[in-house]
Amino acid sequence: MAIANVMDRDQVAEAYGRWAPIYDLVFGPVFRQGRRAAVRAAEAVGGRVLEVGVGTGLSLADYARGTRVVGVDISEPMLEKARRRVEARGLGNVEALEVMDAECLPVADASFDVVVAQYVVTAIPNPERALDEFARVVRPGGEIILTTRIGAEAGLRGTVEKWLMPLTTKLGFRTEFPWSRYERWAARAQSVRLLERRALPPLGHFWLLRYGRLADPTSDQS
Ligand SMILES: C[S@@+](CC[C@H](N)C(=O)[O-])C[C@H]1O[C@@H](n2cnc3c(N)ncnc32)[C@H](O)[C@@H]1O
């Protein structure tokens, strides 16, 4: 029997439209430490940050006021909450909050110093396509900073994660996403190098990943 674990963009957007009213209550505190770790890592690079899957903007107030941030998300109701947060907190460093699909960012190459995506990769229907976009829009020498759940390669946990997929895809995320997919992506992309992989709370299933953007291997180095 085929497992209904295929995600599509509209289904994900609808799922987060449903999450929006209660998202901060359910996912606010549980991921707070991870979000702060990602923002600290982004601040170490500085400059202009693209936060993909910014959601309700829970991390926006953590950026220094000198850091310019553009937030994008597939869900308008999530972004509407982020806009209200920016207004209420007077976050003048947030340049824009716009609906965009991470898999196809209408953004120029190398136009950001940092791309941050917190708890987003496993919510995107074609994660590798989005990761390619992150590598494209970040400048050489910049960083891609992810907080992400990493699934098991195999074993009981792997089986349970596969088994949960039909349910979790309806809720807007995948449970099955092993480290080998990140490894294969980085090997194929060639333009990135893993700088750090650090465990985050809770449960030992979440990680902070930092990828450095290398110079384009096809560019003329002379
Ligand atoms: C689990 S939430 C994380 C939100 C926020 N980063 C946080 O830390 O709370 C995942 C977010 O990714 C967004 N998302 C899912 N697929 C996306 C896509 N293809 N492009 C942009 N955003 C997407 C969802 O709408 C949702 O706001």
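How are α1 and α6 oriented to each other? The legends below, which describe close-up views of a predicted model, begin with that pair of helices.

**View 1. Packing of helix α1 against helix α6.** Helix α1, spanning residues 9–19, packs with helix α6, spanning residues 155–171, at an angle of about 70 degrees, and their axes are 7 Å apart. Because angles of 65 to 115 degrees count as roughly perpendicular, α1 and α6 are roughly perpendicular to each other. On the α1 side the contact is made by Q11, A15, Y16, R18 and W19, which meet T169, K170 and L171 in α6. Sorted by class, the residues of this contact between α1 and α6 comprise four nonpolar, two polar and two charged ones.

**View 2. Packing of helix α5 against helix α7.** Helix α5 (residues 127–137) and helix α7 (residues 179–189) pack at an angle of about 45 degrees, and here the axes are 11 Å apart. The two helices, α5 and α7, are therefore oblique to each other, and the crossing in which α5 passes α7 is right-handed. The residues that meet are P127, E128, L131, D132 and A135 from α5, and R181, Y182, W185, R188 and A189 from α7. By class, six nonpolar and four charged residues take part in the contact of α5 with α7, with no polar residues.

**View 3. Surroundings of the ligand.** The ligand is surrounded by 20 residues, of which the closest are Y23, R35, G53, D73 and A102. For Y23, an N or O atom of the side chain is 2.7 Å from an oxygen atom of the ligand. For G53, by contrast, the atom concerned belongs to the backbone: a polar backbone atom of this residue is 2.7 Å from a nitrogen atom of the ligand. A polar backbone atom of I74 likewise faces a ligand nitrogen atom, at 3.2 Å.

**View 4. The loop residue A108 and its contacts.** A108 is located in the loop between strand β3 (94–99) and strand β4 (112–118). Leaving aside residues up to four places away in sequence, A108 touches R136 and V137. A108 and V138 are 30 residues apart in sequence, while their C-alpha atoms are 9.2 Å apart in space.

Definitions and conventions. Residues are numbered from 1 along each chain as its sequence is written. This is a predicted model: local features need pLDDT of at least 70, side-chain atom pairs count only at pLDDT 80 or more; totals for chains, interfaces and linings use all residues. Side-chain values use heavy atoms; hydrogens and water are left out. Axes are lines fitted to C-alpha atoms, for helices over the stretch in contact, and angles run from 0 to 180 degrees between N-to-C directions. Helices (H or I, at least four residues) and strands (E, at least two) are DSSP runs, numbered from the N terminus. Angles under 35 degrees count as roughly parallel, over 145 as roughly antiparallel, 65 to 115 as roughly perpendicular and the rest as oblique. A crossing is left-handed if the near helix is turned anticlockwise from the far one by less than a right angle, and right-handed if clockwise. Contact means heavy atoms within 4.5 Å. Ala, Val, Leu, Ile, Met, Phe, Trp, Tyr, Cys and Pro count as nonpolar, Asp, Glu, Lys and Arg as charged, and the others, Gly among them, as polar. A residue is near a molecule or strand if one of its heavy atoms lies within 4 Å of it. A polar contact is a pair of N or O atoms within 3.5 Å; within protein, one must be able to donate a hydrogen and the other to accept it, and residues adjacent in sequence count only if both atoms are side-chain atoms.
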